[in-house]
2 protein chains.
Amino acid sequence: MNLLECSFCRKNKAFYVRSYEGIGLCHRCFKKNIEDRVRRTISKYKMLKPNDHVAVAVSGGKDSLSLLTILGKITKRFPKSRLTAVTVDEGITGYRDEAITIAKNHYKNRSINYAIVSFEDLFQIKLDQLVKEKRELSPCSYCGVLRRRAINLAAEKVGANVVATAHNLDDEVQTAMLNIVHGDVTRISRVEPVLEDPNRRFLRRVKPICEIPEKEVAMYAYESGIEFQKVPCPYMATSLRNDMRSMLNRMEVKHPGTKYTIFRSTEKLRSALKQYGGKTELKNCRYCGEPTTTDTCQVCKILKKAIP
Amino acid sequence: MNLLECSFCRKNKAFYVRSYEGIGLCHRCFKKNIEDRVRRTISKYKMLKPNDHVAVAVSGGKDSLSLLTILGKITKRFPKSRLTAVTVDEGITGYRDEAITIAKNHYKNRSINYAIVSFEDLFQIKLDQLVKEKRELSPCSYCGVLRRRAINLAAEKVGANVVATAHNLDDEVQTAMLNIVHGDVTRISRVEPVLEDPNRRFLRRVKPICEIPEKEVAMYAYESGIEFQKVPCPYMATSLRNDMRSMLNRMEVKHPGTKYTIFRSTEKLRSALKQYGGKTELKNCRYCGEPTTTDTCQVCKILKKAIP
């Protein structure tokens with residue numbers, strides 16, 4: 001193979017060598033290939049239907065803005081489908097404000113429908129405050145639970161029937177490995193590319209870029225001229241996820257394809273765990289009425305303790 | 001808690017702080033505690049019976065010589081039990097010869113029954129030669145398969161009905177994580193603390209120190225005045241296991257108890273995979289007749305290709 005030539009079009013120069021497939025890609029074919037792969041992921045996992053109203057969770061980072069761009073292209077072919085960006089302001093001073101400005105500009109320049117909700121409006125507390133008051137868990141643990149709820153509430157508000165989140169391959173693989181490290185293996189069976197309740201008690205959740213490595217999502221954003229927030233969240237350094245991220249990146253460099261192999265391993269484990277563990281019964285939270293597996297949902301557990 | 005005082009006897013000074021339990025231990029109580037824990041592991045997994053003849057696989061390193069020492073103390077209480085050390089000479093110049101001298105001295109000074117077998121005698125090839133001729137897999141992959149067979153043959157030769165190997169907590173946790181990284185999740189269900197064939201087509205295999213962290217096994221060896229080989233195997237650097245080892249060690253320092261948590265996760269995954277995957281059918285290898293899951297066993301696959 002001539003690495004200077006794109007393996008797809010055989011015409012243009014390759015600007016990127018994809019080690020795990022041993023191919024080179026030119027700018028044009030790279031972008032097209034990423035979009036095709038997302039399309040394949042959506043169809044393989046039956047993520048979307050032609051008349052879906054999709055709420056895309058957008059933080060203003062490379063992953064979510066790339067997802068929004070790709071879904072925009074894909075849904076254009078389906079006249080009955082709709083797309084709305086939903087953005088959550090967690091209340092992280094000096095960080096989230098910048099991301100929201102970037103996201104808003106993105107929406108306005110491209111005439112994308114959007115809604116912005118904030119922790120402060122929904123839960124009467126900012127993340128910065130919550131982190132000061134509660135220290136049992138990492139900031140990411142609190143934020144993850146509340147942000148998920150906020151996205152759901154925003155999606156319901158705009159009338160969407162599906163929530164799309166921008167979890168990439170690296171996120172999914174890190175999460176699976178962390179579940180094992182944390183001893184929470186049953187969670188592996190619940191973290192999947194598409195999650196739907198047959199009784200429709202919660203909105204369908206899909207992860208269309210879950211098979212694209214983080215590095216390639218970032219490249220897609222650059223290649224598409226998307227402006228995105230580059231500063232990492234100030235709370236990120238405190239998380240164990242960082243260790244896992246760097247370990248997996250080192251392995252991927254030494255053994256290209258490792259992340260995909262772990263992703264497939266996780267799928268096999270998920271099948272086994274689902275058969276073994278059976279269905280988790282969904283109840284309604286005694287405080288807010290939202291679906292939960294326990295008596296009180298995680299959101300209410302966090303908020304009851306934070307607000308006197 | 002006063003960290004200068006042993007948490008067990010409350011008399012002697014603690015020389016070691018066990019972070020994952022938040023306790024301090026004196027020299028005497030540390031040794032006793034390790035032996036008690038091995039006894040508990042043996043009883044929990046029903047590893048040994050009072051009249052077993054146990055072949056202990058001894059390399060000459062800290063793990064196997066500690067295992068031999070602890071099993072010596074445990075089996076002393078059972079007059080009908082027997083213990084024989086079996087040592088394999090893989091044929092690694094400048095490395096294994098030293099280990100064998102150390103092991104032999106250990107046996108002779110303590111009047112322990114032993115048998116030594118070699119790859120050269122059993123398979124007509126040394127590991128050094130094999131590694132030169134075959135390069136598809138890592139040296140550790142070839143060595144692992146052949147050494148396991150060699151230990152079995154030695155154990156049968158001395159008339160043992162059980163094989164005890166010195167896999168410690170770190171080994172087991174690394175192996176489980178590597179199986180996921182390699183995409184070989186069904187293997188998790190086969191790597192367990194005790195492995196027994198109801199039809200007795202192979203010897204029972206037990207891992208009595210699988211719940212003791214590597215660091216504590218090393219400390220036990222030092223505390224017991226055991227002389228052991230300290231040089232690592234010259235082929236070790238080529239293995240992916242090294243990456244996993246250092247990642248897990250970093251995590252354990254930051255979050256004491258991580259290795260135990262992963263060990264428990266593995267147990268849950270194993271139960272799920274066993275129920276899901278069902279039983280693996282054992283056949284007999286068409287070349288050597290030994291039990292195998294495929295038509296030709298791994299040993300014959302390696303040897304057929306290596307020797308013209």
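**Exercise 1.** Determine how many residues of helix α8 (residues 214-223) of chain A are buried, and which elements cover them.

*Solution.* Helices are DSSP runs of H or I with at least four residues, strands are E runs of at least two, and both are numbered from the N terminus. Buried means under 20% relative accessible area, with a 1.4 Å probe and protein chains only. By this cut-off seven of the 10 residues of α8 are buried. Among them are Glu214(A), Glu216(A) and Tyr220(A). Next, take the contacts (heavy atoms within 4.5 Å). The cover includes β1 (16-18), α1 (27-44), α2 (62-75), α7 (169-181) and α9 (241-254) of chain A. Finally, just after α8(A), Gly225(A) takes a positive phi of about 65°.

The model is predicted: local features need pLDDT of at least 70 and side-chain atom pairs 80 or more, while totals for chains, interfaces and linings use all residues. Residues are numbered from 1 along each chain as written, chains are lettered from A and ligands numbered from 1 in written order, and side-chain values use heavy atoms, without hydrogens and water.

**Exercise 2.** Compare the radius of gyration of chain A with the value for a compact globule.

*Solution.* The radius is taken over C-alpha atoms, and the globule rule is 2.2 Å times the number of residues to the power 0.38. For 308 residues the rule gives a value near 19 Å; chain A has 20 Å, which agrees. The C-alpha trace spans about 65 × 45 × 40 Å along its principal axes.

**Exercise 3.** State what share of chain A is buried.

*Solution.* Of the 308 residues, 52% are buried. Chain A holds 11 helices and 10 strands.

Methods:
Buried means under 20% relative accessible area, exposed over 50%, partly exposed in between (1.4 Å probe, protein chains only).
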